[in-house]
Structure formats: structure tokens, C-alpha cells
Amino acid sequence: MPDTPPSKKLWDRAAWRDAGFFLRYLRPHFNVFIPALIALAFTGGLTVVFIKELAALAGKGLGGASGPEWMAELDNKALFLVGLVATQAFVAFWRILLFAKASERALASLRMDTFGTILRLPMATLNRRRAGELASRLANDVEAMRETLVVTLPMLIRHTVMLAICLTLILLMSVKLSFFMVATIPVVIVLIAIFGARIRKLTRAAQDNLAATQVVVDESLQSMVSVKAFRNEAHELARYDRNLGAYLRTVIRAAAPRASFIAFIIFAFSVALILVTWFAMRMLERGEIARAELTQFAGLSGMIAASFMQFPELVAQLQRALGATERVREILAEDVEPAEDASMPVERFRGEIEMRGVRFAYPTRPEVTVLHDFDLHARAGQRIALVGPSGSGKTTSISLLFRFYDPTAGEIRIDGQPLAELSLTRLRRNLALVPQEVLLFGGSILDNIAYGRPGASREEVVAAAIQANAHDFISALPEGYETVVGDRGTQLSGGQRQRIAIARAILADPAILILDEATSSLDAESERLVQDALDKLMANRTSLIIAHRLSTVRRCDQILVMSGGAILERGSHDELIDRPGGLYRSLAKLQLE
């Protein structure tokens, strides 16, 4: 099928959806927004009245008026105009204030909805999108929409009102001259549609390129230690330069049609002004229009020209916002995990886990099966270890237990209930993860421990820290529990961060505990303290332990030995160590002898 003509793209369904999208967020604030619109129309009308009266006054003076009566009229007219301007300024104050209130509240709701959607996106969707891109949508795209609602849209409405009133007034003054002047308007409207569609397409591409540059910034800052360790500052700068160059090329391409449009408008209106002046002078010479009317006509025509001169830039800004709106709408349209009341108390699991015949491939790589017929059965309170080389599927099986992903085949049950039938809140509140690499939030130590159960009292946080062998080192810090841990907790050692993560898990009081290489990167003293804290944490809980170091799994009730996404061996430490030719026995010889 042939492409849709550019002149129609401005008014296609997507554009109407964008307009409806804005209104959906403005509707709760119509009690503020509609009075702002009325005030906007009123100030636009006052501007026209001011120019008309001022032009009439000048025309009368230039027409030869004089004498005491004229001077009295002049004084009264001047006072009237001052009062008119004062009224306009007063109404403009409320108009700007009301617009700001309605727009900023609407955008705050939009930001909340966008961020809420991002947080509830399934892991499969998050893996398709990079963090910097999502951050750019929330920052740059919503900011572009803010500029439209707070600045561009009011200006567009104001100039439209002024244009309509001016056209009506000049039509009443001289139909002949008015029709001659507005003959070029249809041509301008068509050009707005054609150029606007082109600008919209390019500005959307520019927003994508800008998001790509944000990705580079975020990734570089998050991995700054690696950047500096490998002395790759120049490499990251080159990546940023490539993406910034693409953005620059796109915005320059977008500038060309906009510049052409504005240049044409300047030329068209200049020619129109010359022609209208020539035509008006001929009418004045023939007595078809009075000098005073001509002066008013000239003033109002100047306002019409000024309004039209604003439209190209306003339309370009509006197109930029529409391009940004499409991207935000795309995020909001994504399927998300169900929203549930997280404040409600949840029923505690006993802790029995059963995974039968589980197969799984990541949505981004459906052709690569990561887990093959995976079976696991853990009774309540048992400790189950998953061991094996990297890439064997250990962490993937845990991701399925959290329902970050759903299995391709097979079934997972907890306490006999299918995982898919459990609410995510109940499921995840009964699970707690202590990862290998603990990334803390940038707040205080108190805030980071309380993250395990928001709303916990200080006494409960301290009690959890004592159990996690963290209280002593926290108390030794100058600011104690109020110590700010820095970006991702980098001001604390690995062992300290690990014990804060354990304290967080203790505070969460889960029925099922997941330990993902929780001691693999620690020195001997830190490992002793962390292992002691973990033993307290695992008491009376079902625990799944992912480990490369076999010294940490000797006391587990069952050990699953994995390779290539399948379970090769299972049994206790003693059973597996006595199995001739077994993988576990080979690993044990390398590590324990």
C-alpha cells in the first residue's frame, strides 16, 4: 500500500491518541485547567482590544484631531488603556499560576504512573530495554511534555484566540481588504501539516538517540570502577560520542525542514504585507476605506502576522512533545505484573518447594534451553545446595522460583500450590535473597536494613543487625546507623555489605531463604562472621544455597550437582563424595584436599 500522505499524518489516529493522552491526565484537574483556559482567552481578547484602541487613537491623532475636547478624550483614553493593561496583567498572573498548577500536577501523576509501570515491568521486558533508556523516558521525554503543557500549549491557544478575534474585526472593517489579506492562509495551513509531520518523525528519532546517549552515561557511572581499572575512559567517551553524533545528525536533519518552513513563512508574510499595503493604499486613494479604519486595520493585521509567525515554532515544539508522548505511551502500554496491596499482611508459607520437569529458555534467546527437566523437592526447613560450574542454570532456577520468569514447561509448587496461582506479594514476601554482590541503596544503614520490612522500628532494625553480626561495626562508625553508605554502598567493605544484606533478610523474616554465593568473595575473617550470621538466618527456614565453594554446603540436607542446565547428581555430601567418577567428587578433590 502507498504511504499515507505527509499532510494527513499530523491528524492521524496517533496524534488524536496523543491529545487524548494529555487530556486523560488533565481531566482530574479541570477545575483549575478550565479557568486557566478562560483566563487565557480573556487575556488574548484584551490584547486585541488594546491594540485596536491604541491604533484607533493613533489614527485619530494622525487624522488631524485637535482642540480641548480631543485632549480630554486623549487623557481618558490613556487612562482606559492603563486600566486595560492592569486588568490584563492581573488576569495573566492567575492564568499562569492556574496553568502551572494543573500542568505540574498532571505531569506529576504521569511521572508516577511511568515510574510505577517501569517498576512493575516483568523481567523479560526489562531485559529487552536498557536502564538508561527507561531513565531517559522518565526524564527527557516527560520534560518535553512538560514544556508543551506549561509553555507551548498556552501560547498556541492564546495566539489562536487572538488570531480569531483579529480576523473577525478586520472582516467587519473591510470585507474586500480582509479577503485579500487572508488569501494566503490556506497555503500556510497546508504547509504546517506537511512540515509538521516531517518534524514529528525526526523529533521522535532524536528522542531515541538521546535515550541511547543516556544509556552510555548510566552504564559508565554504574561501572566506574571497571572503567577506571581498565583505563577505558577514552573508550566510553567514544561510545558517548557515537551516540551523541547520531542525536546531533538527527536534530540537524529536523532543523532543516523547520528552518525551510520558517524561512518560507517570513518570505510569504513579507510579500503579503507588501501586497496588502499596496492594495490598502489604492483603496484609501479611492475612498473605499477611512484613514482611522486603515490605522486599526494595520494594527490588527500586525497582530495577525505576529501570531502566524509564532505558529511554526510552536508547532515544531508541539511535534517534539508528540514524539516524546508516543514513547511514554509505549511504556505505559506494556504488560506489567499485577498491582497488589503490599501493605496487607500475607500468609506465611510452611516452606515446602517442588519443581517437576521444569524446562526454560529466556524470551530473548528462545532457541537456547537453559534448564532441562529440572526436578527439586525441598521439605520445610531443609537446606538444599545447588552446585556446578558457571552457566549450569543455578541462578536461573532461583529466578523461576521468584517468578521473575515463568517456565517453558513443567510445574513449580510451594506448599502444594502452583506458583502461578499465588499472588506475587505473598510469594515474594515469603522469599528473601542474599546475593553474592550486594548493591545497597544510597541512604543510611538504617534505611538499607529496614528495606527488608519498610516501617520496622529502630529497635527491630538493631535486633536484626545484632543477629547478622553487623551491630558492632555499625556502632563503631561515627554516625552509627545514620551513616550514609554512598552510591551502591561502595563506602563499606564486601563483608560489611553482606552482613547488612543478611540483617535485611532477617528483618524480612522469610519462610524460604535464597543464598546466591553469599560468601564466595570474602576474606577468611569476614567469611567466618558472615557464615555465623547465615547459620542463624537459616535456622527453621527452607534454604536454597547456590555455591561454588563446597566448604559451605557440607551440612546441607541435599546437594544438587548441575551442568548444562541439567541435574547430574543429587544426594548428601557424604553420599556424593563416595560416588566413584562423580562430578561432585572431582570438584571436592580440587577444592577440599
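Reply: We shall go through the sheet, then the helices, then the cores. This is a predicted model, in which local features need pLDDT of at least 70 and side-chain atom pairs count only at pLDDT 80 or more, whereas totals for chains, interfaces and linings use all residues. Residues are numbered from 1 along each chain as its sequence is written, and side-chain values use heavy atoms, with hydrogens and water left out.

Me: In which order do the 6 strands form the open sheet?

Reply: Strands are DSSP runs of E of at least two residues, and helices are runs of H or I of at least four, numbered from the N terminus; two strands pair if DSSP finds at least two bridges between them. Here the order is β6-β7-β8-β3-β9-β10, with mixed pairing, and the edge strands, β6 (431-434) and β10 (566-571), each pair on one side only. Strand β9 (558-563) runs antiparallel to β10 and is joined to it by 5 bridges, with L560 opposite R570.

Me: Which strands does helix α17 lie across?

Reply: Contact means heavy atoms within 4.5 Å, and angles, from 0 to 180 degrees, are taken between N-to-C directions of axes fitted to C-alpha atoms, for helices over the stretch in contact. Helix α17 (494-508) lies across β6 and β7, at about 175° to β6.

Me: Which residues touch the most other members of the largest nonpolar core?

Reply: Such a core joins buried (under 20% relative accessible area, 1.4 Å probe, protein chains only) Ala, Val, Leu, Ile, Met, Phe, Trp, Tyr and Cys residues through side-chain atoms within 4.5 Å. Of its 46 residues, they are I449, Y481, I502, V553 and I559, while α17 gives the most, with 7 residues.

Methods. Buried < 20%, exposed > 50% of the residue type's maximum accessible area, 1.4 Å probe, protein only.
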